[in-house]
Amino acid sequence: MKRLMTSPCAVIAAALTMAAAPAQSADPIKVGMMLPSTGTYARLGNNIKNGFKLYVQEQGGKLGGREIEYVEVDSEANPAKAIDNVNKLIKQHEVDVLLGSVHSGVALAMAKRAKESGTLMIVPNAGADKVTGPMCAPNIFRTSFSNWQPGYATGQAMAEDGHKRAITITWKYGAGEEMVKGFKASFEKAGGKVIDQLYVPFPNVEFQALLTQIAAAKPDAVFAFFAGGGAVKFVKDYAAAGLKDAFPLYGTGFLTDGTLEAQGADAEGVKTALHYADALGTPRDNAFREAYAKAYGDQPDVYAVQAYDAAQLLGIGLAATGGDVHKSAEFSAAVRAATIDSPRGQFTISKSHNPIQNFYLREVKGGVNQVVRIASEALEDPGRGCRMK
Ligand code: PHB
(Lines give C-alpha, C1' and ligand atoms only; values in the text may rest on other atoms or scores of the structure.)
Protein backbone atom coordinates (compact mmCIF):
# COMPACT_ATOMS: atom_id res chain seq x y z
CA MET A 1 0.00 0.00 0.00
CA LYS A 2 1.32 3.46 -0.91
CA ARG A 3 1.91 5.78 2.05
CA LEU A 4 0.82 9.08 0.63
CA MET A 5 -2.81 8.42 -0.11
CA THR A 6 -4.57 11.28 1.54
CA SER A 7 -7.92 11.78 -0.18
CA PRO A 8 -10.83 10.15 1.74
CA CYS A 9 -11.72 8.18 -1.38
CA ALA A 10 -8.24 6.78 -1.65
CA VAL A 11 -8.21 5.86 2.04
CA ILE A 12 -11.54 4.06 1.72
CA ALA A 13 -10.33 2.32 -1.40
CA ALA A 14 -7.18 1.23 0.37
CA ALA A 15 -9.12 -0.01 3.38
CA LEU A 16 -11.45 -1.97 1.14
CA THR A 17 -8.52 -3.44 -0.70
CA MET A 18 -6.99 -4.50 2.60
CA ALA A 19 -10.25 -5.99 3.89
CA ALA A 20 -10.75 -8.05 0.78
CA ALA A 21 -7.08 -8.76 0.32
CA PRO A 22 -6.14 -12.35 0.50
CA ALA A 23 -3.58 -13.31 3.11
CA GLN A 24 -0.66 -12.74 0.74
CA SER A 25 2.04 -13.47 3.27
CA ALA A 26 0.42 -16.57 4.72
CA ASP A 27 1.87 -20.03 4.26
CA PRO A 28 0.69 -22.16 1.37
CA ILE A 29 -2.60 -23.97 1.71
CA LYS A 30 -2.02 -27.68 2.07
CA VAL A 31 -4.50 -29.80 0.15
CA GLY A 32 -4.54 -33.40 1.38
CA MET A 33 -5.51 -35.61 -1.54
CA MET A 34 -6.89 -38.92 -0.31
CA LEU A 35 -7.48 -40.76 -3.56
CA PRO A 36 -6.88 -44.24 -4.96
CA SER A 37 -3.67 -44.71 -6.93
CA THR A 38 -3.99 -48.49 -6.99
CA GLY A 39 -6.82 -50.95 -7.69
CA THR A 40 -9.99 -50.76 -9.75
CA TYR A 41 -10.40 -46.98 -9.13
CA ALA A 42 -6.76 -46.01 -9.82
CA ARG A 43 -7.52 -44.17 -13.06
CA LEU A 44 -10.32 -42.24 -11.37
CA GLY A 45 -7.93 -41.06 -8.67
CA ASN A 46 -5.37 -40.03 -11.25
CA ASN A 47 -7.85 -37.98 -13.27
CA ILE A 48 -9.15 -36.27 -10.13
CA LYS A 49 -5.62 -35.15 -9.23
CA ASN A 50 -5.09 -33.93 -12.79
CA GLY A 51 -8.37 -32.00 -12.94
CA PHE A 52 -7.80 -30.25 -9.61
CA LYS A 53 -4.22 -29.29 -10.43
CA LEU A 54 -5.20 -28.03 -13.87
CA TYR A 55 -7.53 -25.40 -12.44
CA VAL A 56 -4.95 -24.33 -9.84
CA GLN A 57 -2.30 -24.03 -12.56
CA GLU A 58 -4.66 -21.90 -14.63
CA GLN A 59 -4.87 -19.53 -11.65
CA GLY A 60 -1.08 -19.23 -11.45
CA GLY A 61 -0.76 -21.82 -8.68
CA LYS A 62 -2.75 -19.74 -6.16
CA LEU A 63 -6.33 -19.65 -4.89
CA GLY A 64 -7.61 -16.79 -2.78
CA GLY A 65 -4.12 -15.31 -2.97
CA ARG A 66 -2.46 -18.33 -1.36
CA GLU A 67 -0.12 -20.84 -2.92
CA ILE A 68 -1.51 -24.35 -3.12
CA GLU A 69 0.59 -27.36 -2.22
CA TYR A 70 -0.33 -31.03 -2.12
CA VAL A 71 0.06 -34.00 0.16
CA GLU A 72 -1.04 -37.28 -1.41
CA VAL A 73 -2.13 -40.49 0.29
CA ASP A 74 -3.24 -43.64 -1.55
CA SER A 75 -6.73 -44.37 -0.20
CA GLU A 76 -6.66 -47.76 -1.96
CA ALA A 77 -10.48 -47.36 -2.13
CA ASN A 78 -10.36 -49.23 1.17
CA PRO A 79 -12.76 -48.08 3.90
CA ALA A 80 -10.92 -50.22 6.49
CA LYS A 81 -7.84 -48.00 6.11
CA ALA A 82 -9.71 -44.71 5.77
CA ILE A 83 -9.62 -43.46 9.36
CA ASP A 84 -5.87 -44.07 9.65
CA ASN A 85 -5.26 -42.40 6.29
CA VAL A 86 -7.33 -39.34 7.04
CA ASN A 87 -5.78 -39.00 10.51
CA LYS A 88 -2.36 -39.03 8.86
CA LEU A 89 -3.42 -36.08 6.72
CA ILE A 90 -5.04 -34.13 9.55
CA LYS A 91 -2.62 -34.79 12.41
CA GLN A 92 0.74 -35.60 10.82
CA HIS A 93 0.60 -33.38 7.73
CA GLU A 94 -1.72 -30.74 9.22
CA VAL A 95 -3.53 -30.22 5.93
CA ASP A 96 -5.90 -27.28 5.52
CA VAL A 97 -8.20 -29.02 3.06
CA LEU A 98 -9.19 -32.66 2.58
CA LEU A 99 -9.86 -33.65 -1.02
CA GLY A 100 -11.47 -37.07 -1.35
CA SER A 101 -12.44 -39.59 -1.99
CA VAL A 102 -13.62 -41.80 -4.86
CA HIS A 103 -15.20 -44.62 -2.81
CA SER A 104 -18.33 -43.88 -0.77
CA GLY A 105 -17.17 -45.88 2.24
CA VAL A 106 -13.88 -43.98 2.36
CA ALA A 107 -15.66 -40.64 2.00
CA LEU A 108 -17.93 -41.42 4.96
CA ALA A 109 -14.90 -42.00 7.20
CA MET A 110 -13.31 -38.78 5.93
CA ALA A 111 -16.52 -36.82 6.52
CA LYS A 112 -16.71 -38.12 10.08
CA ARG A 113 -13.19 -36.85 10.82
CA ALA A 114 -13.78 -33.60 8.91
CA LYS A 115 -16.85 -32.96 11.01
CA GLU A 116 -15.07 -33.72 14.28
CA SER A 117 -11.94 -31.72 13.45
CA GLY A 118 -13.57 -28.87 11.51
CA THR A 119 -11.20 -29.43 8.58
CA LEU A 120 -12.54 -28.15 5.28
CA MET A 121 -13.46 -31.10 3.03
CA ILE A 122 -14.37 -31.20 -0.64
CA VAL A 123 -15.62 -34.42 -2.20
CA PRO A 124 -14.64 -34.67 -5.89
CA ASN A 125 -16.45 -37.96 -6.53
CA ALA A 126 -17.83 -40.30 -3.86
CA GLY A 127 -21.61 -40.12 -3.88
CA ALA A 128 -22.45 -41.44 -0.37
CA ASP A 129 -25.87 -39.87 0.18
CA LYS A 130 -25.17 -39.32 3.89
CA VAL A 131 -22.27 -36.92 3.25
CA THR A 132 -24.75 -34.25 2.16
CA GLY A 133 -27.53 -35.77 4.28
CA PRO A 134 -27.24 -36.52 8.01
CA MET A 135 -23.47 -35.81 7.98
CA CYS A 136 -23.77 -32.45 6.26
CA ALA A 137 -21.72 -29.65 7.81
CA PRO A 138 -20.72 -26.07 7.02
CA ASN A 139 -17.18 -27.27 6.20
CA ILE A 140 -18.12 -30.23 3.95
CA PHE A 141 -18.85 -29.74 0.22
CA ARG A 142 -19.34 -31.95 -2.82
CA THR A 143 -18.81 -31.05 -6.48
CA SER A 144 -19.80 -34.42 -7.92
CA PHE A 145 -23.23 -35.95 -7.15
CA SER A 146 -25.11 -37.89 -4.51
CA ASN A 147 -25.52 -41.56 -5.46
CA TRP A 148 -29.26 -41.03 -5.53
CA GLN A 149 -28.97 -38.44 -8.34
CA PRO A 150 -27.57 -40.41 -11.32
CA GLY A 151 -29.61 -43.46 -10.25
CA TYR A 152 -32.80 -41.41 -10.25
CA ALA A 153 -32.01 -39.81 -13.63
CA THR A 154 -31.29 -43.20 -15.21
CA GLY A 155 -34.60 -44.58 -13.95
CA GLN A 156 -36.44 -41.66 -15.52
CA ALA A 157 -34.66 -42.18 -18.84
CA MET A 158 -35.24 -45.94 -18.96
CA ALA A 159 -38.96 -45.50 -18.23
CA GLU A 160 -39.24 -42.78 -20.88
CA ASP A 161 -37.66 -45.17 -23.38
CA GLY A 162 -40.65 -47.45 -22.73
CA HIS A 163 -39.05 -50.24 -20.71
CA LYS A 164 -41.19 -51.88 -18.03
CA ARG A 165 -39.27 -54.76 -16.40
CA ALA A 166 -35.71 -54.15 -15.25
CA ILE A 167 -32.99 -56.03 -13.44
CA THR A 168 -30.28 -54.17 -11.54
CA ILE A 169 -26.71 -55.35 -11.07
CA THR A 170 -23.93 -53.67 -9.11
CA TRP A 171 -21.22 -54.01 -6.48
CA LYS A 172 -22.57 -54.65 -3.01
CA TYR A 173 -21.55 -51.52 -1.17
CA GLY A 174 -23.00 -48.09 -0.44
CA ALA A 175 -22.60 -46.52 -3.88
CA GLY A 176 -24.20 -49.39 -5.79
CA GLU A 177 -26.98 -49.83 -3.28
CA GLU A 178 -27.82 -46.12 -3.20
CA MET A 179 -27.76 -45.77 -7.00
CA VAL A 180 -30.11 -48.76 -7.29
CA LYS A 181 -32.39 -47.13 -4.72
CA GLY A 182 -32.51 -43.89 -6.73
CA PHE A 183 -33.06 -45.83 -9.96
CA LYS A 184 -35.87 -47.92 -8.49
CA ALA A 185 -37.61 -44.83 -7.04
CA SER A 186 -38.01 -43.01 -10.36
CA PHE A 187 -38.43 -46.13 -12.53
CA GLU A 188 -41.26 -47.52 -10.43
CA LYS A 189 -42.82 -44.09 -9.97
CA ALA A 190 -43.09 -43.98 -13.76
CA GLY A 191 -44.80 -47.39 -13.87
CA GLY A 192 -41.78 -49.72 -14.27
CA LYS A 193 -40.95 -52.71 -12.09
CA VAL A 194 -37.56 -53.86 -10.79
CA ILE A 195 -37.91 -57.64 -10.98
CA ASP A 196 -34.54 -58.56 -9.43
CA GLN A 197 -31.56 -56.85 -7.77
CA LEU A 198 -28.21 -58.62 -8.29
CA TYR A 199 -24.96 -57.93 -6.41
CA VAL A 200 -21.27 -58.86 -6.55
CA PRO A 201 -18.90 -58.06 -3.68
CA PHE A 202 -16.66 -55.01 -4.28
CA PRO A 203 -14.27 -55.03 -6.14
CA ASN A 204 -14.90 -58.50 -7.63
CA VAL A 205 -15.41 -58.88 -11.37
CA GLU A 206 -16.75 -62.43 -11.61
CA PHE A 207 -20.02 -61.68 -13.42
CA GLN A 208 -20.71 -64.93 -15.29
CA ALA A 209 -23.24 -66.55 -12.94
CA LEU A 210 -25.26 -63.35 -12.71
CA LEU A 211 -25.23 -62.82 -16.48
CA THR A 212 -26.71 -66.30 -16.86
CA GLN A 213 -29.43 -65.31 -14.37
CA ILE A 214 -30.20 -62.16 -16.40
CA ALA A 215 -30.51 -64.16 -19.63
CA ALA A 216 -32.95 -66.56 -17.96
CA ALA A 217 -35.13 -63.76 -16.50
CA LYS A 218 -35.47 -61.93 -19.85
CA PRO A 219 -35.93 -58.35 -18.58
CA ASP A 220 -36.77 -55.44 -20.91
CA ALA A 221 -33.53 -53.74 -19.87
CA VAL A 222 -30.70 -53.87 -17.31
CA PHE A 223 -29.43 -51.15 -14.99
CA ALA A 224 -25.79 -51.35 -13.84
CA PHE A 225 -23.35 -49.41 -11.71
CA PHE A 226 -19.69 -50.29 -12.05
CA ALA A 227 -16.77 -47.92 -12.53
CA GLY A 228 -13.11 -47.92 -13.50
CA GLY A 229 -11.56 -51.33 -14.17
CA GLY A 230 -14.74 -53.12 -13.06
CA ALA A 231 -16.85 -51.19 -15.59
CA VAL A 232 -14.50 -52.15 -18.41
CA LYS A 233 -14.78 -55.83 -17.52
CA PHE A 234 -18.57 -55.75 -16.99
CA VAL A 235 -19.38 -54.09 -20.32
CA LYS A 236 -17.10 -56.51 -22.18
CA ASP A 237 -18.52 -59.56 -20.38
CA TYR A 238 -22.11 -58.39 -21.01
CA ALA A 239 -21.44 -58.18 -24.74
CA ALA A 240 -19.48 -61.45 -24.84
CA ALA A 241 -22.39 -63.25 -23.14
CA GLY A 242 -24.59 -62.14 -26.05
CA LEU A 243 -26.85 -59.98 -23.85
CA LYS A 244 -26.24 -56.57 -25.39
CA ASP A 245 -28.69 -56.82 -28.26
CA ALA A 246 -31.31 -58.82 -26.36
CA PHE A 247 -31.49 -56.74 -23.16
CA PRO A 248 -30.43 -53.09 -23.59
CA LEU A 249 -27.81 -52.07 -21.07
CA TYR A 250 -28.32 -48.85 -19.09
CA GLY A 251 -26.40 -47.50 -16.15
CA THR A 252 -25.18 -44.49 -14.28
CA GLY A 253 -22.63 -42.80 -16.55
CA PHE A 254 -19.65 -44.22 -14.66
CA LEU A 255 -20.20 -47.42 -16.64
CA THR A 256 -18.82 -45.77 -19.78
CA ASP A 257 -16.91 -42.68 -18.57
CA GLY A 258 -13.13 -42.77 -18.91
CA THR A 259 -13.46 -46.39 -20.00
CA LEU A 260 -14.46 -46.30 -23.68
CA GLU A 261 -11.01 -46.82 -25.13
CA ALA A 262 -10.67 -50.07 -23.18
CA GLN A 263 -14.26 -51.19 -23.85
CA GLY A 264 -14.12 -50.61 -27.62
CA ALA A 265 -17.04 -51.84 -29.71
CA ASP A 266 -18.58 -53.65 -26.74
CA ALA A 267 -19.74 -50.31 -25.32
CA GLU A 268 -21.49 -49.12 -28.49
CA GLY A 269 -25.17 -48.46 -27.80
CA VAL A 270 -24.89 -48.49 -23.98
CA LYS A 271 -27.10 -45.76 -22.52
CA THR A 272 -26.22 -43.97 -19.32
CA ALA A 273 -27.24 -40.88 -17.38
CA LEU A 274 -24.64 -38.50 -16.00
CA HIS A 275 -23.97 -34.83 -15.32
CA TYR A 276 -21.34 -34.78 -18.07
CA ALA A 277 -20.85 -36.09 -21.62
CA ASP A 278 -17.96 -36.19 -24.10
CA ALA A 279 -19.22 -34.00 -26.88
CA LEU A 280 -21.09 -31.17 -25.19
CA GLY A 281 -19.51 -28.75 -27.66
CA THR A 282 -19.86 -25.67 -25.44
CA PRO A 283 -17.01 -23.13 -25.52
CA ARG A 284 -16.41 -23.75 -21.80
CA ASP A 285 -16.10 -27.50 -22.22
CA ASN A 286 -14.06 -27.23 -25.40
CA ALA A 287 -11.54 -24.96 -23.68
CA PHE A 288 -11.34 -27.32 -20.69
CA ARG A 289 -10.87 -30.39 -22.85
CA GLU A 290 -8.18 -28.73 -24.90
CA ALA A 291 -6.29 -27.53 -21.80
CA TYR A 292 -6.55 -30.97 -20.18
CA ALA A 293 -5.37 -32.79 -23.30
CA LYS A 294 -2.45 -30.37 -23.64
CA ALA A 295 -1.41 -30.75 -20.00
CA TYR A 296 -1.75 -34.52 -19.71
CA GLY A 297 -1.80 -35.97 -23.25
CA ASP A 298 -5.11 -37.68 -22.46
CA GLN A 299 -8.84 -36.99 -22.71
CA PRO A 300 -10.62 -35.81 -19.55
CA ASP A 301 -13.66 -37.56 -18.10
CA VAL A 302 -16.31 -36.83 -15.48
CA TYR A 303 -13.81 -37.38 -12.65
CA ALA A 304 -11.47 -34.72 -14.01
CA VAL A 305 -14.40 -32.30 -14.36
CA GLN A 306 -15.61 -32.87 -10.79
CA ALA A 307 -12.12 -32.20 -9.46
CA TYR A 308 -11.57 -29.14 -11.65
CA ASP A 309 -14.78 -27.81 -10.11
CA ALA A 310 -13.62 -28.76 -6.60
CA ALA A 311 -10.69 -26.41 -7.15
CA GLN A 312 -13.08 -23.76 -8.48
CA LEU A 313 -15.22 -24.14 -5.34
CA LEU A 314 -12.13 -23.80 -3.14
CA GLY A 315 -11.17 -20.66 -5.05
CA ILE A 316 -14.63 -19.14 -4.57
CA GLY A 317 -14.60 -19.83 -0.83
CA LEU A 318 -11.04 -18.61 -0.30
CA ALA A 319 -11.66 -15.41 -2.26
CA ALA A 320 -14.56 -14.63 0.08
CA THR A 321 -12.65 -15.41 3.29
CA GLY A 322 -9.36 -13.72 2.40
CA GLY A 323 -7.71 -17.12 2.15
CA ASP A 324 -8.91 -18.34 5.56
CA VAL A 325 -10.11 -21.98 5.47
CA HIS A 326 -11.50 -21.73 9.00
CA LYS A 327 -14.20 -19.16 8.27
CA SER A 328 -16.75 -21.87 7.46
CA ALA A 329 -19.84 -19.69 7.62
CA GLU A 330 -18.46 -17.09 5.18
CA PHE A 331 -16.97 -19.80 2.98
CA SER A 332 -20.30 -21.63 2.81
CA ALA A 333 -22.32 -18.46 2.15
CA ALA A 334 -20.08 -17.54 -0.79
CA VAL A 335 -20.22 -21.02 -2.30
CA ARG A 336 -24.01 -21.22 -1.94
CA ALA A 337 -24.43 -17.83 -3.61
CA ALA A 338 -22.14 -18.78 -6.52
CA THR A 339 -22.87 -20.23 -9.92
CA ILE A 340 -20.02 -22.55 -10.79
CA ASP A 341 -18.94 -22.26 -14.41
CA SER A 342 -18.22 -25.92 -14.98
CA PRO A 343 -17.26 -27.73 -18.18
CA ARG A 344 -20.43 -29.81 -17.51
CA GLY A 345 -22.56 -26.62 -17.70
CA GLN A 346 -23.27 -24.11 -14.96
CA PHE A 347 -24.46 -25.42 -11.62
CA THR A 348 -25.18 -24.24 -8.10
CA ILE A 349 -24.64 -25.77 -4.68
CA SER A 350 -27.66 -26.74 -2.59
CA LYS A 351 -28.17 -25.87 1.07
CA SER A 352 -26.85 -29.32 1.97
CA HIS A 353 -23.73 -28.55 -0.18
CA ASN A 354 -24.40 -30.89 -3.12
CA PRO A 355 -24.62 -29.84 -6.81
CA ILE A 356 -27.99 -28.97 -8.34
CA GLN A 357 -27.36 -29.97 -11.92
CA ASN A 358 -28.66 -31.36 -15.20
CA PHE A 359 -28.30 -35.05 -15.97
CA TYR A 360 -27.81 -35.98 -19.60
CA LEU A 361 -28.95 -39.23 -21.15
CA ARG A 362 -25.95 -40.33 -23.20
CA GLU A 363 -25.45 -43.12 -25.70
CA VAL A 364 -22.09 -44.51 -26.77
CA LYS A 365 -21.72 -43.84 -30.48
CA GLY A 366 -18.43 -44.06 -32.34
CA GLY A 367 -16.52 -44.44 -29.09
CA VAL A 368 -18.00 -41.26 -27.59
CA ASN A 369 -20.64 -40.63 -24.90
CA GLN A 370 -23.03 -38.57 -27.06
CA VAL A 371 -25.87 -36.59 -25.52
CA VAL A 372 -29.30 -37.99 -26.46
CA ARG A 373 -31.37 -35.58 -24.36
CA ILE A 374 -31.57 -34.07 -20.88
CA ALA A 375 -32.78 -36.90 -18.65
CA SER A 376 -33.37 -34.72 -15.62
CA GLU A 377 -33.14 -30.96 -15.39
CA ALA A 378 -31.65 -29.17 -12.37
CA LEU A 379 -31.93 -32.34 -10.31
CA GLU A 380 -31.45 -31.67 -6.60
CA ASP A 381 -30.73 -34.35 -4.04
CA PRO A 382 -33.40 -34.17 -1.32
CA GLY A 383 -30.62 -33.89 1.33
CA ARG A 384 -32.62 -36.06 3.70
CA GLY A 385 -31.49 -35.72 7.31
CA CYS A 386 -29.31 -32.66 6.74
CA ARG A 387 -29.53 -30.14 9.58
CA MET A 388 -26.98 -27.53 8.61
CA LYS A 389 -25.73 -25.66 11.69
C1 PHB B 1 -18.62 -44.23 -4.94
O2 PHB B 1 -18.13 -45.16 -4.28
O3 PHB B 1 -19.32 -43.36 -4.40
C4 PHB B 1 -18.36 -44.16 -6.40
C5 PHB B 1 -17.22 -44.73 -6.95
C6 PHB B 1 -16.98 -44.62 -8.31
C7 PHB B 1 -17.86 -43.95 -9.12
C8 PHB B 1 -19.01 -43.37 -8.59
C9 PHB B 1 -19.27 -43.48 -7.22
O10 PHB B 1 -17.63 -43.83 -10.42
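1. Let me start inside. Keep in mind that this is a predicted model. The largest cavity comes out at about 80 Å³, and the structure holds one cavity of 30 Å³ or more.

2. What lines it? There are 16 lining residues around the largest cavity, and Val102, Asn125, Phe145, Met179 and Phe225 are the ones nearest its centre. Sorted by class, the lining has 12 nonpolar residues and four polar ones, with no charged residues. Both domains take part: domain 1 (24–145 + 281–353) and domain 2 (148–274) each supply at least three residues to the lining of the largest cavity.

3. That brings me to the layout. The chain splits into domain 1 (24–145 + 281–353) and domain 2 (148–274). Between the C-alpha centres of domain 1 and domain 2 I'd pencil in 28 Å. As for who meets whom, 15 residues of domain 1 are in contact with 19 residues of domain 2.

4. Now the packing. The largest nonpolar core has 82 residues, and Phe52, Phe226, Phe234 and Leu314 have the most contacts inside it. Which helix gives the most to this core? Helix H11 (residues 302–320) does, with 11 residues. Why does this core lie between domain 1 and domain 2? Both domains give residues to it, so that is where it lies. There is also a second, separate core of 23 residues, with Val86, Ala111, Met135 and Ile140 among its members.

5. Leaving out residues up to four places away in sequence, phenylalanine 52 touches Val31, Met33, Tyr70, Leu99, Ala307, Tyr308, Ala310, Ala311 and Leu314. Leu314 is on that list, and like Phe52 it is one of the residues with the most contacts inside the largest core.

6. Staying with helix H11, look at alanine 304, which is found in that helix. Buried or exposed? Alanine 304 is buried, with a relative accessible area of 0%. Beyond its neighbours within four places in sequence, alanine 304 is in contact with Asn47, Gly51, Phe288 and Tyr292. The C-alpha atoms of alanine 304 and asparagine 46 are separated by 8.5 Å, although these residues are 258 residues apart along the chain.

7. Phenylalanine 288 sits in helix H10 (residues 283–296) and is buried, at a relative accessible area of 1%. Setting aside residues up to four places away in sequence, phenylalanine 288 touches Leu54, Tyr276, Pro300, Ala304, Val305, Tyr308 and Pro343. For tyrosine 308, 20 residues apart from phenylalanine 288 along the chain, the C-alpha atoms of the two are separated by 9.2 Å. Tyr308 also turned up among the residues that Phe52 touches.

8. Last stop, threonine 252. It lies in strand E10 (residues 249–252). Apart from neighbours within four places in sequence, threonine 252 is in contact with Pro150, Gly151, Thr154, Met179, Phe223, Ala224, Phe225, Thr272 and Ala273.

Methods: Residues are numbered from 1 along each chain as its sequence is written. This is a predicted model: local features need pLDDT of at least 70, side-chain atom pairs count only at pLDDT 80 or more; totals for chains, interfaces and linings use all residues. Side-chain values use heavy atoms; hydrogens and water are left out. A nonpolar core is a set of buried Ala, Val, Leu, Ile, Met, Phe, Trp, Tyr and Cys residues joined through side-chain atoms within 4.5 Å. Buried means under 20% relative accessible area, exposed over 50%, partly exposed in between (1.4 Å probe, protein chains only). Helices (H or I, at least four residues) and strands (E, at least two) are DSSP runs, numbered from the N terminus. Domain bounds come from an automatic or database domain assignment. Contact means heavy atoms within 4.5 Å. On a 1 Å grid over the protein atoms alone, a cavity is a set of points where a 1.4 Å probe fits but cannot get out, and a pocket is an open set with protein on both sides within 12 Å along at least five of seven lines; lining residues have an atom within 4 Å of a point. Grid points are joined across faces, edges and corners, and a volume is the space filled by probe spheres set on the points. Ala, Val, Leu, Ile, Met, Phe, Trp, Tyr, Cys and Pro count as nonpolar, Asp, Glu, Lys and Arg as charged, and the others, Gly among them, as polar.
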